[in-house]
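Welcome, and thanks for taking a look at this one with us. Please keep the viewer open as you read the notes below.

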6 protein chains.
Amino acid sequence: MKFVTFGELLLRLSPEGVGRFVQADRFGAVFGGGEANVAVALAQFGEEAAFVSRLPAHGIGEAAICALRKYGVDVREVQRGGSRIGIYFLEKGMAQRPSVVVYDRAGSAFAEAKASDFDWEKILRGADWFHFSGITAALSPELAKACEEGAAAAHRMGLRVSCDLNYRSKLWTEEQARPVLQRLVRSADLLIGNEEHIGSMLEIDLSRFEREETNLCREGCEAVAAEVTARYGCKTVAITQRRSITACENKFRAFLRRGSESAMSPRYTIQIADRVGSGDAFAAGILYTEAEGFAVQHAVDFAAASCCLKHSVEGDFSLMTAAEVEALASGGGSGAVQR
Amino acid sequence: MKFVTFGELLLRLSPEGVGRFVQADRFGAVFGGGEANVAVALAQFGEEAAFVSRLPAHGIGEAAICALRKYGVDVREVQRGGSRIGIYFLEKGMAQRPSVVVYDRAGSAFAEAKASDFDWEKILRGADWFHFSGITAALSPELAKACEEGAAAAHRMGLRVSCDLNYRSKLWTEEQARPVLQRLVRSADLLIGNEEHIGSMLEIDLSRFEREETNLCREGCEAVAAEVTARYGCKTVAITQRRSITACENKFRAFLRRGSESAMSPRYTIQIADRVGSGDAFAAGILYTEAEGFAVQHAVDFAAASCCLKHSVEGDFSLMTAAEVEALASGGGSGAVQR
Amino acid sequence: MKFVTFGELLLRLSPEGVGRFVQADRFGAVFGGGEANVAVALAQFGEEAAFVSRLPAHGIGEAAICALRKYGVDVREVQRGGSRIGIYFLEKGMAQRPSVVVYDRAGSAFAEAKASDFDWEKILRGADWFHFSGITAALSPELAKACEEGAAAAHRMGLRVSCDLNYRSKLWTEEQARPVLQRLVRSADLLIGNEEHIGSMLEIDLSRFEREETNLCREGCEAVAAEVTARYGCKTVAITQRRSITACENKFRAFLRRGSESAMSPRYTIQIADRVGSGDAFAAGILYTEAEGFAVQHAVDFAAASCCLKHSVEGDFSLMTAAEVEALASGGGSGAVQR
Amino acid sequence: MKFVTFGELLLRLSPEGVGRFVQADRFGAVFGGGEANVAVALAQFGEEAAFVSRLPAHGIGEAAICALRKYGVDVREVQRGGSRIGIYFLEKGMAQRPSVVVYDRAGSAFAEAKASDFDWEKILRGADWFHFSGITAALSPELAKACEEGAAAAHRMGLRVSCDLNYRSKLWTEEQARPVLQRLVRSADLLIGNEEHIGSMLEIDLSRFEREETNLCREGCEAVAAEVTARYGCKTVAITQRRSITACENKFRAFLRRGSESAMSPRYTIQIADRVGSGDAFAAGILYTEAEGFAVQHAVDFAAASCCLKHSVEGDFSLMTAAEVEALASGGGSGAVQR
Amino acid sequence: MKFVTFGELLLRLSPEGVGRFVQADRFGAVFGGGEANVAVALAQFGEEAAFVSRLPAHGIGEAAICALRKYGVDVREVQRGGSRIGIYFLEKGMAQRPSVVVYDRAGSAFAEAKASDFDWEKILRGADWFHFSGITAALSPELAKACEEGAAAAHRMGLRVSCDLNYRSKLWTEEQARPVLQRLVRSADLLIGNEEHIGSMLEIDLSRFEREETNLCREGCEAVAAEVTARYGCKTVAITQRRSITACENKFRAFLRRGSESAMSPRYTIQIADRVGSGDAFAAGILYTEAEGFAVQHAVDFAAASCCLKHSVEGDFSLMTAAEVEALASGGGSGAVQR
Amino acid sequence: MKFVTFGELLLRLSPEGVGRFVQADRFGAVFGGGEANVAVALAQFGEEAAFVSRLPAHGIGEAAICALRKYGVDVREVQRGGSRIGIYFLEKGMAQRPSVVVYDRAGSAFAEAKASDFDWEKILRGADWFHFSGITAALSPELAKACEEGAAAAHRMGLRVSCDLNYRSKLWTEEQARPVLQRLVRSADLLIGNEEHIGSMLEIDLSRFEREETNLCREGCEAVAAEVTARYGCKTVAITQRRSITACENKFRAFLRRGSESAMSPRYTIQIADRVGSGDAFAAGILYTEAEGFAVQHAVDFAAASCCLKHSVEGDFSLMTAAEVEALASGGGSGAVQR
C-alpha cells in the first residue's frame, strides 16, 4: 500500500550522551519530524511511503533529503525553496533530570510554504493513504489549509485519511489549536492521540472515569473513543497512554477502537535510549496494521510494540522491521542474543 | 551573596563510558575538586562565587582556570606557581563493578602552597561566606593552617563559615585527621558531613540508634546534630545519608538541623551518570538556601534535589540552575519532555 | 598453573552504543572467541595462559595477535596462514530490542586448519591444563578431530582436560552436534554447560524437575550433574543458569558438583554493558578455582562473580583481577567508590 | 539519461586518520566499489543511475543498500542472497608510508552470483547506458559472462556500453585477465583505462613514446588511443595518467579521444584525503559529459576535475555536484571561502 | 587597556575534518563572530576585553556566553532576549575543493536588537577603546545606527575607535553597504580592511598600481592608505593582502600606515587548519600593538604573525598568547618542539 | 638477537588533532619513552627486545605494561613500585605554531628507583645488546649510576653497548649533563646523537666545518665521528641531522661511521603526523642493522628510512616492519596503493 505523509522535517542537534548544552563541543545531527518519522517507519515495515514537504536548496536541505532517501522514502514531492531548515536542539535528560528542547523552527522553508504550493491531485495520484498531524497545522494557517485541502482531495480520490492530534503547546495555545484541530479531525477516517490531547482538543470530559496508574481505565478509553466517533466521525480511534517515571523510564500502553471492536495492548515498562518519535512509531504501527488488515487486538499490540521498540533506537526514526515488531508483539522482549 | 571557597582543583582523567584503564586510548578530561565544585554550583544558582587556590603557570593550569571561568566563577585569587596540577584517574564502575580512583596529586601546586600565600583580609574583602572542606586540610599542615586562618579572618570580617567534613582515607589516617578536623569544625557556623564521617571524625557514637535501610533513623540524626552543635558549636548541621546499591544506583536522603528546627528530605533512588561531586552539589544547596533564607524543610529538600540531579551530569561540576533544582524539590522528577 | 586453550579468535565489529547496523558509520573493533576469552581471563587472574589457533599473516591477523599479547596471553603457538580472519558483526540490543549477530566466519584461517597442523606433544609440553569448547568442534570435522587429539595427548601427558559445551545452532544442527560433543565430553575431566545444552546435547531429560524462576531447581542440577558424571565420566560438572529479562538485564546463577560435593551460587541480577564472553568468564572462574584448589562453594561463588562482572566490561574479554572477583564473591557489589 | 552500472559493493573498514591496523579500536565503515562509485557520482551530477549487484539479506547487506539509496541510486535491481558481503580493510598511508589494502572478498554474495541471475532485458529496459569494469570480470567466469551478456543485450536494445579496464593484480594474473578483458573491451563503445593497463591488457607497446614526468607524452596518448579504436573498435578512448609523489600527493591528468578529435586535460597537483574511487569519479565524468554532449576538451577537463575533487572527499563515493566540478574545470581551485 | 567590541556571536556547526554536509552525523559546535573573535584574542594577549551583543535566554544562548567567559571576556553587557542565536554551517574545503558556508542568521536576537538597547555611556564607562566591524552594520539599519552612536559616545568619552571594514556580499549589496560603511569609517581613528574592500567600499581606484603575486605593491598600499586618511580622516590604516592558493594554503601579508610612518610585514605561506577568524586575529594584533605603543614595523609584523598563527587553531577564536605571537614575529616559525 | 633497553615509560596525553590544551575535553593517551620506543621498534623488526624500568602497581601502571606487551616487548624485568607514572602533555603544533610539551615526570616510580634495584647480571643473562640514552641518566644520579653499572655488566658478559646522547635541557643543564654523558659515552661501543648534542656534550668544535642547508657537510660529519671514536672509544658513531621547516615539515638525513667506513643517507623531506619517537626509530634502525650485519651504506639508509617513516605513525612507537622500512630505504616512498 502507498502512504503519503505531509509535514516538516527538522534538523535535530543534541549533545552526545547525557551532556548538557553548555558542555557540548559537538552535536549529534539527525533529521526528524512527526510525519517524516511515520513515513520512515512505514518504509521499514515494507510499505511504499512518500513524504511531502519543503526544504531549502542548500547543502543542509540536501542532507535532510538524503536522510529520508536512505531509508527508502520517496522524496520526489519534497519541494526545494525557502532559506532555512527548521532546527531543534535536544538535551537528553537522565533520571530525574528532564530533557530540554529548544525550538528554532520559525521562518523555515516549510513554515513559510503556501497552501497553493501543494498540488494534491498530482501528489496523491496512485496513493492509498494520506496522513498528517496537528504539528503541521500548528505551523501556519496556510499549512492548516493545506492539510484540509489534502484531506479533501484524498477523499475525492478514494484514499483513507489519518490524523495524529499531536498538540504542541510551544507552537500554539489551546484556544488557537482547538477549532483548527477539530476541523481536521472531522476530515479523518482514523484518529490517533494521547488521552490528554483528545480530552482538551476535542473537548471530551475525561474526569468522569477511573484511573489505573494515572491513566484512564479501559472503560474510559472505550467511552472516549466512542464519543470521538460519534461527534467527529472518525471510524477508527487509537488512544495512547504514557506515564513518565523518569527521563529514562516510561510506561506505555494503547487502546484501539475500530467499528464496534476494541482492544487494549499490554502495558510496557520501557527503558529509554531516545524517546522522540515513539508516538510516530505507534502511529505507523496503526497505519500499517490498518493497511494490512490486522484484527483489532493484533493491531494495537503491534502498534504498542512498535512504540516500545522505538525507545531503543537513537534518532527520531524508528528503524524496526515488521518482523522485529511482530516478535515483540507476540511475546518476545527478553532481549536474548540469537546465536 | 558572595561566596569564597578554598581548595584544590584537579585534572580528572577517565576512560570513556564504562571502559577500564587498560582499554583506554583516550581519557575524558575535566577539572574538579570539592570546593571548586561548590563554587561552580553556587554560580549556576546565580550567586557570586570566587575560588581560591594555586595552579601552575603552564597550559594545563590555564585550562583549569578556563574551566572555572567558563561557568562564571571568579578566579582572580587563584595563584599561579608550582610545577604541576594534581591529577586523579577515574575508572567508572558499572553495576557490581566498583569505580576505581588512582590519585596522583602529591607535589601539586596547591599541596605545596604555604599558609602565608593567602592574604585572607584581601581575599575575603566584600565576601559574605567562606567555605572549605576536610580535603584541603588533609593535603598539608600548611593548608590546614590556611583553613584556620581563613576561618578566623572570616569571623573577624563578619562572614559566615562552613565546613564540609569530607574525610578521605587515601589522604590521611583517622588518627591524623581527627584533631585537625575537630579544630576546623569548631571554626564553622555550618557543618556538612555524612553520618559515617560525623561519627568517626567528631567522635559521636552512632551505634545507639536504629537504622532504616542501613541509614541512621531520623531520631538518630536529630540527636547527632544536636550533639555536634553542643560539642562543636556549629549552629547548623547537615547530615547526608547515602546507600550504595550498585555502581549505577544509589539511594540518598539528607537531614538538616538549624537552631531548634530540623527536617529530613525525601529519599531519592538515583541512577548514576557521574557520582563525583554530588556531595558538593548538596553542600552548595545548603549554602544557597542558607544564604537565601529558605525554611529548614525547603532547604534540605532543595539541597537533596541538588545532590540527586548532580548524579545525572557528567564531570565533577553540577550544572543545574536553581529553577531546575527547585522543580525537582517541589515534586518533579518524572523527566517528561517539555514541548 | 599453565593452561592451554584451543579455538578461534574472531574480529568483532559493533556499532557504537545502541546503534543499529544501518546507522553505523564506524564500528568498534575488538577481538574475541570463546577459548581466547578463557585464556585472557586466566591471564588476568595471574595464571599462565597460552592460546592455540591459526590466523592469517596480514595486518588484521597481526592486530588479533597483539590484542591477546597485550593481556599477557602466550601466542607463540598461534599459527599464521590462510587468507582471512573470521568476523562477526554485533548489534547490541537495548531493553526489549534483542541483540543481532551476523556471522561471517566461513573460510577463516582457523576453520580451514587441518588436525595435523597441531602438534599436541609440542604444544602441551610444560602445560597443566587443556581447554576447548564445542564451538571449535563445530567449525569442521578436522577441528573436532584436533580437539580429540589434543585431549588424548593431554591425558597421555598428565594434563587435566576441560570442555565447555557451547552448542551454537548457527554453526550446526543438534543432530550433527550431538555425537561429536558426546565424544568430546567423554574426553573431559571437567564439563561446563548451561542447563539447556546439557539437556539437549547430552540427552538428559530435564523435564522431570521443578523450576525456580524458569531455571532448574537445585535438586535438578544435582541429579543432572550426577548423571553427566555417571554417563560421560566427567568428575566435575558446572551448570550455568541464565534468565534473560531484557537485553539490558539478566539473572544468573550457577551450580557446581565436584565428586560428592556440590554448591549453588547466589543469583545475580545483572545490568549488561556487554554480554558476550560472560560464559567464558564463568568457565575461566571454574578453571582457576579448580587449579587453585578452592572449596566447592567458594569455587562456584567465584566463577559466578566472574561471570557477573564480565557483563560490566566492554568487549569479549573479561578484564577483572582475581582480587576484584573475590571482592564480589565475598559480598561486595555495592559499587561504592574507594577514596 | 539513465545509466546502469554492474559490479560489487564492498564494505570498507579503515582505521581513523592515519592509524595503522594494530592501533585501531574502531574502524570507519563506508561502502564502495568501482561501478557503484560511478553510479553515485552520476546521481550527484543529476543523472538517473541504477546499480545492479547482489548483496546478502542481512543487516550489513541492508546497510549497503541504504548507503546507495541515500545518494539517489536506484537499487531495485540489487538482488538479495548469498551469505556475506565482500570486505576490504584499508590502512591509509601518509607521506612516504604507502596505504595497505587487505582484501577479504572471496565468497561474497556477488562473487558467487551466476550469470543467469541477471535478466538483462528486464534490467536494462528504459536505460540509455550500460557500464561495467574489469573488476567485475575478475571476480568469476560467471560474472565475466554476465558482463558480456549485459553488453550484448545493451547493444541489442540500443544502449551505449562503456568499460573501465581496472585490472587488479590481487584478483587475477595478467595472463588470466588479458583474453577476458580484450573480449569485453571489444563489446564497449567507450573505453577508460590508465596507460599502464591499456599497455599490458590490450597489448599495445608504450615503450616507443617519449615521457613527460614519467607519463606518456600527448603524441603517445594519441597513438595509443587510435590503436585501441583500430584494434578493439571503441569509438571513444579515455586514458588516465597518474604519478604518485607520496601517499598524500599525486599528480593527475587525462587524455580523451573521440572520433577524430582529442584533448588533454591540465595536470593537477592533488593533496589526498582519500584516493580510493578517484578513477571512478573520472569515469563518471566521462560518462556524464558523453551523455550531455560536451565537446572533447570540455569533457576531458570536466572528468579530470571530477577525479581531482574526489581526492578531497572521504569514502569511496564522489559527492560533488556537476556545478562544483564545472567550477574547477573552468578555472577555480583556489579554495577561497564564499561569504 | 580596556577594549569594548560590538557585534554578533554565532553558533558555528561544521562536519568533522573534511567531511561534506551530507556525510555528517555530527557537527562540531563552536561560537564565533568577527567582533567576539577580536575580544577573545585581546583577552589572550592580556588586555581587558568586553563584548557587547544580544543573545537569547535559553540553553544555547547560555552556552555562547560560557564560550566567551571561558577565555576571559567580560560578558556582563551581553543582553539576553530574542528567540534565536544566529547560526552558520561551515563545510571545510580541502585542496581544490572550496569551503561552503550556509548562513542561517536571519531573525537572530542580535539582528533584531534596537539601537536604543545599547546605553553607550554606561557600556563604555571605564573603557579605552571601541571596536566594531562592517558585519554589525550589515545586519540592520538599527545596528548600523548603534555603531554610529557607540562611536560618537566613544569620541565624547575620549576612547579610540576602530573599524574593520568586513564587507560581506551575502548580507548586503555593494550599493547598500557603501554609504553606511563610508559614514562609519569617518567615525574611526583606525581602519582595517583588505585591499579589495577598501577599493570597492571606499571608492579608491586600485587599478593604477602594480601587482606583486596578484596583490597591490607596497607603493600602492602607501598611496591607498594615504588616500583613506585624506578622505576619511582615519589616522591609522591597516591593509591586509591575502592570496588563496588552495583551500589548505594561503599567502598573507599586511601593510600598516600610522601618521607618516608605514611598514609592510613579511609574506607568510600558511597551511590552514581553520581560516575563519584569521582576519579578526589580525585586527586584534593591530589593536593590541596600538594600545601597547609598538613601533609601526613591529606592529604590522605582530599583527601579521597573529593572523598567520590563527590559521593553525580550530574554531573562530585565536588562542595565542602575545608571547607566542611575538616569537613568530621575531623570526620563529620552524615549529620545532621545545624539550 | 636479544636487546635490553633501560629507561622510563611515560604516559603521554595530547589533545586530538591540532587542538590546543585549553580546547581539549579529552586527551589521547599513549605510552612512550626513548628506550621503550627503541624496544618496540626492534620487536617490530623481528628482534627479541626486553625493556627494563619501574612502574607503579596500579591500573595506569598496568596499562603501560600492556602497551609494551601488545607489541611483543618482554616486560618481565619491569619492576612494580613507587606511586606514580611520569606524564607528559603534548600539544601538537601546526605549521608555524610549535608543539608544546609540559613535563610532569618528577617523582615517578622510575625517577625514584635506586641503582641497586637493578640486578644486571640477572637482567642481561641471555641478551646480546644493552641500550640506554642520556634521558635515563638525566633523571637522577642513581639512574646514571644504574646505566654505568648496566654497561659494565654488559661488557663483562660480552654484550655490545649503545648509547643515544639525547640531551634534554628541561631535565638538566649542559654543565650537569656533560661529565655524566661523557662517562657514559666511554662505556658505549656505539654512539648515536644529533650533531648539536655531539658538539655540546662531547665538546667537539663544529664551527670549523661548512654547512649544507644549515647542517654539517659530509666532511664535517666524518671528522666529528672520527674524533668521537678517537676521544671516547666508540667504534661506531651515528650522527643525525634534522632541519625543522615548520611543525608539519622537517628535513632529515643521517651519517654513519663504522671502523674506517662511512656513509650518508639521502635527505628526506618529511610530512609529520607525529614527530615524537622518530629519533628512537633511527636508533632502533642502527641497532637492528648492526645486529644483522648490514653494510654501512645500507645500514644508514635503513635507519634514516626508519626515522622518516616513524613521522607518519601516531604515538611514540614506530610500528613499521623491517620489510616496510626496507622498501623505502631501497627506493620506495611514492605511497602508491598496492591492489
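Here is a short tour by topic of a model that is predicted.

- Eight strands build an open sheet with mixed pairing, in the order E7(A)-E6(A)-E2(A)-E3(A)-E3(E)-E2(E)-E6(E)-E7(E).
- At its edges sit strand E7 (100–104) of chain A and strand E7 (100–104) of chain E, each of which pairs on one side only.
- From one strand to the next, the twist averages 30°.
- Within chain A, strand E2 (residues 10–15) and strand E3 (residues 26–32) are antiparallel partners joined by six bridges.

- Helix H2 (residues 59–70) of chain A lies across E2 and E3 of chain A, along with strand E3 (26–32) and strand E6 (87–91) of chain E. This helix of chain A runs at about 60° to E3(A).
- Helix H2 (residues 59–70) of chain E lies across E3 and strand E6 (87–91) of chain A, as well as strand E2 (10–15) and E3 of chain E. Its angle to E3(E) is about 60°.

**Thr5(E), a buried strand residue**
- Thr5(E) belongs to strand E1 (residues 2–6) of chain E, and it counts as buried because its relative accessible area is 0%, under the 20% cut-off.
- A polar atom of the Thr5(E) side chain lies 2.8 Å from the backbone oxygen of Glu35(E).
- Beyond its sequence neighbours up to four places away, Thr5(E) touches Glu35(E), Ala36(E), Val38(E), Ala39(E), Ala50(E), Phe51(E), Val52(E) and His131(E).

**Met1(B), ahead of a strand**
- Met1(B) is in the segment before strand E1 (2–6) of chain B, and its relative accessibility of 43% makes it partly exposed.
- Leaving aside residues up to four places away in sequence, Met1(B) is in contact with Glu47(B), Glu48(B), Asp128(B), Trp129(B) and Ala291(B).
- Between Met1(B) and Arg253(B), the C-alpha to C-alpha distance is 27 Å, with a sequence separation of 252 residues.

**Helix H8 of chain F**
- Helix H8 (residues 218–232) of chain F has 15 residues, which at 1.5 Å a residue should span 21 Å, and this agrees with the 21 Å between its end C-alpha atoms.
- Which residues of H8(F) are buried? They are Gly220(F), Cys221(F), Val224(F), Ala225(F), Val228(F) and Tyr232(F).
- Viewed down the axis of H8(F), these buried residues fall within an arc of 130°, so they line one face of the helix.
- Exposed residues Glu219(F) and Ala230(F) are on the face of H8(F) turned away from the buried side.

Conventions: Residues numbered from 1 in each chain as written. Chains lettered and ligands numbered in written order. Predicted model: local features only at pLDDT ≥ 70, side-chain atom pairs only at ≥ 80, totals over all residues. Heavy atoms only, no water. Helix = DSSP H or I, 4+ residues; strand = E, 2+ residues; numbered from the N terminus. Buried < 20%, exposed > 50% of the residue type's maximum accessible area, 1.4 Å probe, protein only. Contact = heavy atoms within 4.5 Å. Pairing = 2+ DSSP bridges. Axes fitted to C-alpha atoms, helices over the stretch in contact; angles between N-to-C directions. Polar contact = N/O pair within 3.5 Å; in protein donor to acceptor, adjacent residues only side chain to side chain. Expected span 1.5 Å × (residues − 1). Arc of directions from axis to C-beta.
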